[in-house]
Amino acid sequence: MRKKIVAGNWKMNKDFYQTQSLIKDLIKHKMPEGVTVMVSPPLTNLQAACKLVKDSNSNIIIAAQNMYYKGEGAYTGEVSMSMLKSIGVDHVILGHSERRSIFKEPRHLIEDKVAAAVNNEMTAIFCFGESLSSRKIGNEFRVVRNQLKEGVFRLFGSAWDRIILAYEPVWAIGTGETATPDQVQKMHFYIRKQVAKRYSQKIADNVSILYGGSVKPNNAKEIFNQPDVDGGLIGGAALNANDFMAIVNAF
Ligand code: PGA
């Protein structure tokens, strides 16, 4: 079901105590009807975040920022789906451009992770988006189409109720430079069209497509107003409760 979603990607920010205090701040706010709110603290703090949310009956969803696709075994430093699920986490961000570029996650690994997540009843927030050089030469649609093909288009149609797409042009992430509402709408329309072509209009109409890249309280409304934008994946502005809530309330 297509949903309005605002997800906060905290990245490598907030220690154990800071996480609890930010979650407590968020819980105090009344969440608007019809908006799914998600936050993704660092791995070490997921359990504490889940407990706070559960104890206060909040419907904030706690998501992981990464996972490995194998069930268990000799994979030093990695975390499995069952480990996440055992603490109440069943949403995971995958394919983020920082994982792709800084940690050199290859496309096939991202594809394996997404497939494993959805096959294990987790919801994957699949991130993708072109670099500045690709946009400069007018290649953004081709790049995005290929990322979709390589990341999610081999999944069965039935997996798509556990997929959230997050278009994040690399040149807009953490740079203060936001894609214009028009640029975002054009790309989201294109993405939905590709999903319809590969699967069906129904699946395309049902998938939530988020925009990420320097979404702030002062530009969220304009972006969320676009017909094919179903919300945002928020980095920097998710680290402050008031900023994040202003974005959540921007629909
Ligand atoms: P930003 O990050 O909002 O700080 O640009 C977005 C993201 O990387 O998800």
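Visitor: Hi! How much space lies in the largest pocket?

Guide: About 530 Å³. A pocket here is an open set of points on a 1 Å grid over the protein atoms alone, with protein on both sides within 12 Å along at least five of seven lines. The volume is the space filled by probe spheres set on the points, which are joined across faces, edges and corners. This is a predicted model, where local features need pLDDT of at least 70 and side-chain atom pairs pLDDT 80 or more, while totals for chains, interfaces and linings use all residues. Residues are numbered from 1 along each chain as its sequence is written, and side-chain values use heavy atoms, leaving out hydrogens and water.

Visitor: Which residues lie nearest the centre of that largest pocket?

Guide: Lys11, Gln65, Asn66, Arg99 and Phe103, out of 20 lining residues; a lining residue has an atom within 4 Å of a point. By class, the lining has 11 nonpolar, 5 polar and 4 charged residues. Ala, Val, Leu, Ile, Met, Phe, Trp, Tyr, Cys and Pro count as nonpolar, Asp, Glu, Lys and Arg as charged, and the others, Gly among them, as polar.

Visitor: And the second largest pocket, how much space is in there?

Guide: About 350 Å³. Met1, Trp160, Asp161, Ile163 and Asn206 are the closest to its centre among 19 lining residues. Strand E2 (35–40), strand E6 (163–167) and helix H9 (201–206) each give two or more residues to this lining, and H9 has the largest share, with 3 residues. Helices (H or I, at least four residues) and strands (E, at least two) are DSSP runs numbered from the N terminus.

Visitor: Switching to the ligand: which residues come nearest?

Guide: Lys11, His96, Glu168, Gly174 and Ser214, from 13 residues around the ligand. To count as near, a residue needs a heavy atom within 4 Å. That shell has 4 nonpolar, 7 polar and 2 charged residues.

Visitor: What is the distance from His96 to an oxygen atom of the ligand?

Guide: A polar side-chain atom of His96 is 2.7 Å from a ligand oxygen. The backbone takes part too: an N or O atom of Gly235 lies 2.9 Å from an oxygen of the ligand, and a polar backbone atom of Gly236 is 2.9 Å from a ligand oxygen. The protein covers 97% of the 280 Å² of accessible area that the ligand has on its own, by the Shrake-Rupley method with a 1.4 Å probe.

Visitor: Last one: why does the radius of gyration agree with a compact globule?

Guide: Because a compact globule of 251 residues would come near 18 Å, and the protein has 17 Å. The radius is taken over C-alpha atoms, and the globule rule is 2.2 Å times the number of residues to the power 0.38. The protein has 11 helices and 8 strands.

How values were computed:
A polar contact is a pair of N or O atoms within 3.5 Å; within protein, one must be able to donate a hydrogen and the other to accept it, and residues adjacent in sequence count only if both atoms are side-chain atoms. On a 1 Å grid over the protein atoms alone, a cavity is a set of points where a 1.4 Å probe fits but cannot get out, and a pocket is an open set with protein on both sides within 12 Å along at least five of seven lines; lining residues have an atom within 4 Å of a point.
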